Amino acid sequence: MTLTIPTMLTLFRIVLIPVLVIVFYLPYGWTNIAAAAIFIFGAMTDWLDGWIARRYGMYSAFGAFLDPVADKLTVAFALLLVVERHDTPWMALLSAIIIGREITISALREWMAQMGAHGLVKVAGLGKLKTIVQMTAISCLLFQEDLFGLPVFHIGEWLLAIAAALTLWSGFDYLHAAWPTMRRKG
């Protein structure tokens, strides 16, 4: 198996996860800023690996499998860190909605692929919007501090609520698209 540049960037994102966790728990005042920077850097490499793959035709089956896994692992770990630090029912509920949807849709995609209908559950524009809002929200929640007088953490909370709503909406769209196949194939 040849590793393409996009796949190497995806693997790098996975390696960043333990770095994010370690930095998050360091006993220094700047770790929230560093954790947010690591998360943002990972999100930028996610965009970059997709751009390189499309621009230069550097696709691979392994990369196609690994990219969504890296995305879901990164989001899940970051949300767990946020909930650990801000353990409110609201934060836990929003995080559970996002993580639960990711698990459900991953299982749905796998099942639909086995049924030969994987094209029905492709990422749509709504899913991309959800991802942008979600990544921005998590970045704000990890950053935690006010910036230029803006309450970054509270902005992150509201964006996470919006991301959770978009998550439910896009999850419903995926299930709706898959429903005829699910009914037929039992």
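1. Aspartate 71 counts as buried in this predicted model, because its relative accessibility is 19% and the cut-off for buried is under 20%. The side chain is charged, and its partner is arginine 13: the two form a salt bridge whose closest N and O atoms are 2.7 Å apart. Since aspartate 71 belongs to helix H3 and arginine 13 to helix H1, the pair ties together parts that are 58 residues apart in sequence.

2. Arginine 13 is also buried, at 4% relative accessibility. Aspartate 67 forms a salt bridge with arginine 13 as well, with 2.9 Å between the closest N and O atoms. Aspartate 67 lies in helix H3 and arginine 13 in helix H1, so this pair ties together parts 54 residues apart in sequence. A network of salt bridges links Arg13, Asp46, Asp49, Asp67 and Asp71. Across the whole structure, the search finds seven salt bridges.

3. Another salt bridge joins glutamate 102 to lysine 130, where the closest N and O atoms are 2.8 Å apart. Here the parts tied together are 28 residues apart in sequence, because glutamate 102 lies in helix H4 and lysine 130 in helix H5. Glutamate 102 counts as buried at 9% relative accessibility, and lysine 130 is buried with a relative accessible area of 4%.

4. Next, the nonpolar residues. In soluble globular proteins, nonpolar side chains tend to be buried together. The largest nonpolar core in this model has 34 residues. Those with the most contacts inside this core are Leu20, Phe39, Met91, Ile98, Ile138, Leu142 and Leu160. Helices H1 (5–25), H2 (31–56), H3 (61–85), H4 (89–114), H5 (125–143) and H6 (152–185) each supply at least two of the core's residues. The largest share, nine residues, comes from H5.

5. What does leucine 142 touch, not counting residues up to four places away in sequence? Its contacts are Leu20, Phe24, Asn32, Ala35, Ala36, Phe39, Ala78 and Val82. A second core of five residues is separate, and includes Ile105, Leu108, Met112 and Ala178.

6. Serine 95 is worth a look. This residue lies in helix H4 and counts as buried, at 3% relative accessibility. Where does the side chain of serine 95 reach? The side chain reaches the backbone oxygen of methionine 91, at 2.9 Å. Leaving out residues up to four places away in sequence, serine 95 touches Leu79, Val83 and Leu160. Of these, Leu160 is among the residues with the most contacts inside the largest nonpolar core.

How values were computed:
Residues are numbered from 1 along each chain as its sequence is written. This is a predicted model: local features need pLDDT of at least 70, side-chain atom pairs count only at pLDDT 80 or more; totals for chains, interfaces and linings use all residues. Side-chain values use heavy atoms; hydrogens and water are left out. A nonpolar core is a set of buried Ala, Val, Leu, Ile, Met, Phe, Trp, Tyr and Cys residues joined through side-chain atoms within 4.5 Å. Buried means under 20% relative accessible area, exposed over 50%, partly exposed in between (1.4 Å probe, protein chains only). Helices (H or I, at least four residues) and strands (E, at least two) are DSSP runs, numbered from the N terminus. Contact means heavy atoms within 4.5 Å. A polar contact is a pair of N or O atoms within 3.5 Å; within protein, one must be able to donate a hydrogen and the other to accept it, and residues adjacent in sequence count only if both atoms are side-chain atoms. A salt bridge is a side-chain nitrogen of Lys or Arg within 4 Å of a carboxyl oxygen of Asp or Glu.
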